[in-house]
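Hi,

Here is the structure I promised to pass on. Have a look at it first, and my notes on what turned up follow below.

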Amino acid sequence: MNIKGKVHYVGVNDRVKHRFEGLWFLPQGVSYNAYLIEDAQGVALVDTVDVAFFGEYMDKIRRVIGDRPVDYLIINHMEPDHSGALALIRSQYPHIRLVGNAKTLQMVQGFYGAGGPEDIEVKDGDTLDLGHHKLSFHLTPMLHWPETMMTYCATEKILFSGDAFGCFGALNGNVVDTQMDTADYWPEMERYYAAILGKFGAPVQAGLKKLAGIDIQMICSTHGPVWVNEIPRAIDTYRRFSAGETEPGLVVCYGSMYGNTQRVAEAVAEGAAEAGMRRIVVHNLSVSQPSFVLADIFRYGSLAIGSPTYNGGLFPVVEDLLKRLSGRSVSRHRLGFFGGFTWSGQAVKTIADYNEKMKMELVGDPVEWKQAPTAEVLEQARQLGKLLV
Ligand code: FEO
């Protein structure tokens, strides 16, 4: 599929995988985007795809260039959802030259043993002239791997951005945002950011700063739509989340075995509602998928966490959320918490200790109860909800 001039989309959709990276639920699938640049002096591929889709990827390449060989494979990112077909591409095109930075080329050897003497090691700002298309390479380390970089085509003003500005959700026929209704992709961008890039706020900010002076008219990321009309919104989504900016709203996250902690969670939500909060999301962590929970936490500024005491510590699904959050930039959030126990209270103490390191802004006193919550405990929970507004 041609997307601009002699730049073509040769990516694929994965509607089979249940969990991206083995972790993150994919209710609408995911695309692995790759691009082909045809030029008089050479043909360049930008990234490959998951190895399971190699056949489809090759078909798409051949439909554009027939028997003409590919001269360069530009590798913006080595995670195997994009580099998986690298060794097979090299076997199809024995004279292909891989283009990557020093860390990329080390990973090419480490993952695939597929480096070659003619491969091109680029440094920040280096260029590659394909004739009509003038490419430059911009290193963006830890966005979200050490080797990540972006490729800019000055001729077409296209930024090939790797995972940055990408989102979950397969592409349903159309590829470029000008041709489609993008509504379903925005929540999937937030969920993608929270799940995949949430730990890397500072490198994302550094990457955005680096791109500020570049005239970008099209963003071709490795997942989701190609952005043209919606470039400002895509950049702003990444900017807001990486800066820790939130909207007014409360996310109540809890685990509950027999409903007692759930009753307290409901009371927190009711208190926030009484105080006028309109955006309240309640997640039973035994039911909600973690990436949806994380996306809501990134979006909204107030967070309430509740847990029963379980085996002398936190309920496992709550412990899992805290572990996932500890790798993410959420220290600007406001936090209230609550916890119950039957004979020895540990949940509240454990969350308090956890926040010593996380340094979220504590709101109110934690609500703690023994066995079933009394009317007084439920009132304390309502007050906590009000304070979180
Ligand atoms: Fe889409 Fe970091 O790989």
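Predicted model: local features only at pLDDT ≥ 70, side-chain atom pairs only at ≥ 80, totals over all residues.

Let me start with the largest pocket, which holds about 380 Å³ of space. Its lining has 19 residues, and M257, P308, T309, F341 and T342 lie nearest the centre. At least two lining residues each come from α8, β19 (300-310) and β21 (334-341), with β19 giving the largest share, three residues. By class, the lining has seven nonpolar, twelve polar and no charged residues.

The second largest pocket has a volume of about 200 Å³. It is lined by 14 residues, and M1, Y9, G11, K60 and V175 are the closest to its centre. Two or more lining residues come from each of β3 (12-14) and α1 (54-65), and α1 has the largest share, with four. Here the lining divides into seven nonpolar, four polar and three charged residues.

Back to α8, which also packs against another helix. The axes of α8 (residues 260-274) and α12 (residues 375-387) come within 6 Å and cross at roughly 45°, which makes α8 oblique to α12. Their crossing is right-handed. Among the residues in contact are R263, V264 and A267 of α8 and V377, L378 and A381 of α12. In total, eight nonpolar, two polar and five charged residues make up this contact.

Best wishes

Note on methods. Residues numbered from 1 in each chain as written. Heavy atoms only, no water. Axes fitted to C-alpha atoms, helices over the stretch in contact; angles between N-to-C directions. Parallel < 35°, antiparallel > 145°, perpendicular 65-115°, else oblique. Left-handed = near helix turned anticlockwise from the far one by under 90°. Contact = heavy atoms within 4.5 Å. Nonpolar A, V, L, I, M, F, W, Y, C, P; charged D, E, K, R; others polar. 1 Å grid on protein atoms, 1.4 Å probe; cavity = no way out; pocket = protein on both sides within 12 Å on 5 of 7 lines; lining within 4 Å. Points joined across faces, edges and corners; volume = space filled by probe spheres on them.
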